[in-house]
Amino acid sequence: MKKKSFKKMTAAFAAGAMCIGMLGGCGGSGDSENNSSQAGGADSSEAGSSNEESQAQGESGKDKLVLTITIEGTAGSHESPVNDAFEALMSEKLGREIELNYNLISGGEYGTKAQQKFATGDIGDIIQIPFLFDYSKAASEGMLLDISKYEEQFPNFFHYMDQTSAGIASVTMADGAIYAIPGIGLPRFPEDHGMLPYNVSTYRYDIFEKLDIKIPETIDEVYEAAKRIKEEYPDTYPINSRWKDLRSLYAANHTSNDIYWNGEEYVMGLFDEGYKDAIAFANKLYSEGLLDPEYISDDDDMLKSKEMTDKTFIVLGDWFTTPGEFTRLSTTGQIFAATLWPANPKYGEVAWQSIQPVNEIATNIFANYAVNANVADPEGTIEFLNHIFDDDVVRLLTWGIEGESYNLDADGNPVFVDEILNATDPWAAADAYGMRASKNMRPGFQLMDDSKAYVALAADDWLYYEGELHQEPIEQSEYYLSFPYPENDYIPPYYKEPVLTFTDEESQENGQIMTIYQTIRDEWQAALVSGTKSMDEWDDYMEALKSGADIDKLLENYNAAAKRYLDIANK
């Protein structure tokens with residue numbers, strides 16, 4: 001009898017599609033679909049799952065373990081002494097020769113090309129599951145290995161998953177199967193205080209100083225600042241937003257432009273008054289030439305070009321390390337200051353923020369992996385994955401080689417060498433040593449990282465808070481470390497929401513409904529912001545949503561899945 005399949009999906013995924021560097025991050029950008037870095041000299045295109053080579057006898061007498069691993073990355077990102085040390089250490093732990101063939105796909109292309117591999121079944125032995133990809137079909141067709149059957153052989157994974165806030169239930173299907181292995185990050189902030197946003201707003205501090213403009217704390221101050229800048233730079237659009245969306249405006253109004261957990265149940269943000277107010281505000285910015293019309297199409301490179309050439313002065317939503325990076329890149333004294341998202345006092349004194357779970361052992365929602373059910377040596381593969389969580393492996397991949405990239409202090413904690421710590425850009429300097437905490441290197445295969453290494457390497461940011469500019473790494477800032485955790489007004493209710501598991505029927509229904517309502521939403525939202533449709537037509541927009549998409553059914557499915565999760569989690 002065919003096993004009923006399920007889809008694992010978290011609504012938190014909808015928060016964004018960018019990689020979270022602190023938990024595992026993305027490989028650098030690249031153009032090659034198959035930039036392979038082979039440990040044993042084999043061409044990864046010839047190394048599929050169940051190939052005959054995997055049965056070749058190694059020198060130890062045990063079969064050589066040959067694995068093809070499909071992950072995000074670029075050519076050269078594995079080529080380092082740390083990668084060589086990793087493979088030697090893993091071979092020692094396994095007591096057998098290993099050959100790891102990496103099929104590296106650049107981050108910008110990964111989603112599309114990895115989904116193609118799932119469609120053809122050419123996923124290799126281990127594959128990074130594309131972000132937001134519904135792998136239930138692959139699981140139901142027997143393509144993926146059920147990890148739940150290997151609990152005794154995979155104790156490290158279950159041990160760390162049980163310490164995350166969502167627990168092992170977050171990756172367990174309703175039938176008890178487990179197909180996804182999420183990446184895990186060790187805490188870098190104290191458990192009871194400290195708050196690290198992964199999205200911020202960016203302001204050109206030097207221009208604000210020149211024009212004697214206050215750095216905004218509210219959306220009305222954003223509007224006034226943009227008008228003043230427009231007067232001085234009439235041929236520009238002062239405001240833009242990364243990722244082609246207006247997420248900071250929704251957060252200011254304590255809502256979302258999607259379905260979200262409000263602390264008690266899943267609701268549709270499109271029906272909130274705050275959503276309407278956000279669109280009306282965006283329309284005001286657009287109609288007065290303050291919001292760049294290309295906010296909806298600019299990619300990261302185009303936005304960077306505009307920022308660096310004084311065409312954009314306010315970025316409403318930005319990645320938390322980008323302002324500091326751009327300031328360091330500038331040769332003309334530009335200062336890109338990062339702040340928390342501005343508030344709308346109508347909805348609260350502070351805006352909701354996008355917060356990273358760096359105070360606890362946490363899973364990385366952007367990095368999940370699966371094992372091919374037809375892998376030639378499932379037990380050996382699981383043993384390999386189990387050792388990836390070993391302390392010495394985690395330290396090697398994250399910190400590098402002792403005596404070269406780091407030394408131990410009196411308490412036995414790793415400390416990077418001065419050549420790295422004293423560099424202008426420590427992350428870039430660390431590339432020469434080849435460990436995962438560096439800017440571009442991605443040695444080995446990593447399922448868990450010691451995120452304190454990223455704090456140690458953090459270069460200066462330019463942060464604006466409490467009325468002053470501060471030059472310091474955001475992750476070492478006493479200001480950001482001062483916030484209570486996990487309860488404070490900046491943290492949205494969906495920060496720790498249920499982890500949802502849908503049946504095949506629910507998953508199919510959800511997909512159909514979401515496709516319809518997202519299409520309607522995106523078309524209306526763009527038209528309302530640009531003014532091609534009037535805000536007086538808002539009721540028509542809402543009616544189009546309600547008549548076009550069965551949102552009540554979608555909410556019913558979400559809340560049923562939430563109840564299933566909470567029933568298990570609260571046992």
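Reader: Let's start with Thr-327. Leaving aside neighbours within four places in sequence, what is Thr-327 in contact with?
Author: Once those neighbours within four places are set aside, Thr-327 is in contact with Gln-334, Ile-335, Phe-336 and Trp-462. Do keep in mind that this is a predicted model.

Reader: Thanks. Where is Thr-327 found?
Author: Thr-327 sits in helix 10, which covers residues 322–329.

Reader: And is Thr-327 buried or exposed?
Author: Thr-327 has a relative accessible area of 9%. The cut-off for buried is under 20%, so Thr-327 counts as buried.

Reader: Let me zoom out. How many helices and strands does the chain have?
Author: The chain has 19 helices and 21 strands. It has 571 residues, and 57% of them count as buried.

Reader: What share of the contacts comes from residues 24 or more positions apart?
Author: Among contacts with a separation of 6 or more, 75% are between residues 24 or more positions apart.

Reader: OK, cores next. Which residues have the most contacts inside the largest nonpolar core?
Author: Those are Tyr-517 and Tyr-541, in a core of 65 residues. Helix 17 (residues 504–530) gives this core its largest share, 7 residues.

Reader: Tell me about Tyr-517. What is Tyr-517 in contact with, leaving aside neighbours within four places?
Author: Tyr-517 is in contact with Asp-258, Ile-259, Met-268 and Leu-270, and also with Leu-545, Ala-549, Ile-551 and Leu-554. Apart from this core there is another, of 54 residues, including Leu-65, Phe-154, Phe-416 and Leu-457.

Reader: I spotted Phe-154 there. Which aromatic cluster is Phe-154 in?
Author: Phe-154 forms one aromatic cluster with Phe-157, Phe-158, Tyr-160 and Phe-389.

Reader: How many aromatic pairs does the structure hold?
Author: There are 35 aromatic pairs. One of them joins Tyr-205 and Tyr-464, a tilted pair with 6.3 Å centre to centre and 40° between the planes.

Reader: Which parts does that pair tie together?
Author: Tyr-205 is in helix 5 and Tyr-464 is in strand 19, so the pair links parts that are 259 residues apart in sequence. Both tyrosines are buried.

Reader: How about helix 12, which of its residues are buried?
Author: In helix 12 (residues 391–399), the buried ones are Val-393, Val-394, Leu-396, Leu-397, Thr-398 and Trp-399. Their cover includes helix 1 (81–94), helix 11, strand 16 (406–408), strand 17 (414–416), strand 18 (448–450) and helix 15 (452–457).

Reader: And what follows helix 12?
Author: Gly-400 does, with a positive phi near 100°.

Reader: Oh, which residues other than glycine have a positive phi?
Author: Asp-212 is one of them, with phi near 55°. Trp-243 also has a positive phi, near 70°.

Reader: Where do Asp-212 and Trp-243 lie?
Author: Asp-212 is in the loop between helix 5 (205–210) and helix 6 (219–232). Trp-243 is in the loop between strand 9 (239–240) and helix 7 (247–252). Asp-212 is exposed, with a relative accessible area of 71%, whereas Trp-243 is buried at 14%.

Reader: What about the peptide bond from Tyr-485 to Pro-486, cis or trans?
Author: That bond is cis, with omega near 10°. Pro-486 is in the loop between helix 16 and strand 21 (500–503).

Terms used:
Residues numbered from 1 in each chain as written. Predicted model: local features only at pLDDT ≥ 70, side-chain atom pairs only at ≥ 80, totals over all residues. Heavy atoms only, no water. Core = buried A, V, L, I, M, F, W, Y, C linked by side-chain atoms within 4.5 Å. Buried < 20%, exposed > 50% of the residue type's maximum accessible area, 1.4 Å probe, protein only. Helix = DSSP H or I, 4+ residues; strand = E, 2+ residues; numbered from the N terminus. Contact = heavy atoms within 4.5 Å. Phe/Tyr/Trp six-rings, centres within 6.5 Å; stacked < 30°, edge-to-face > 60°.
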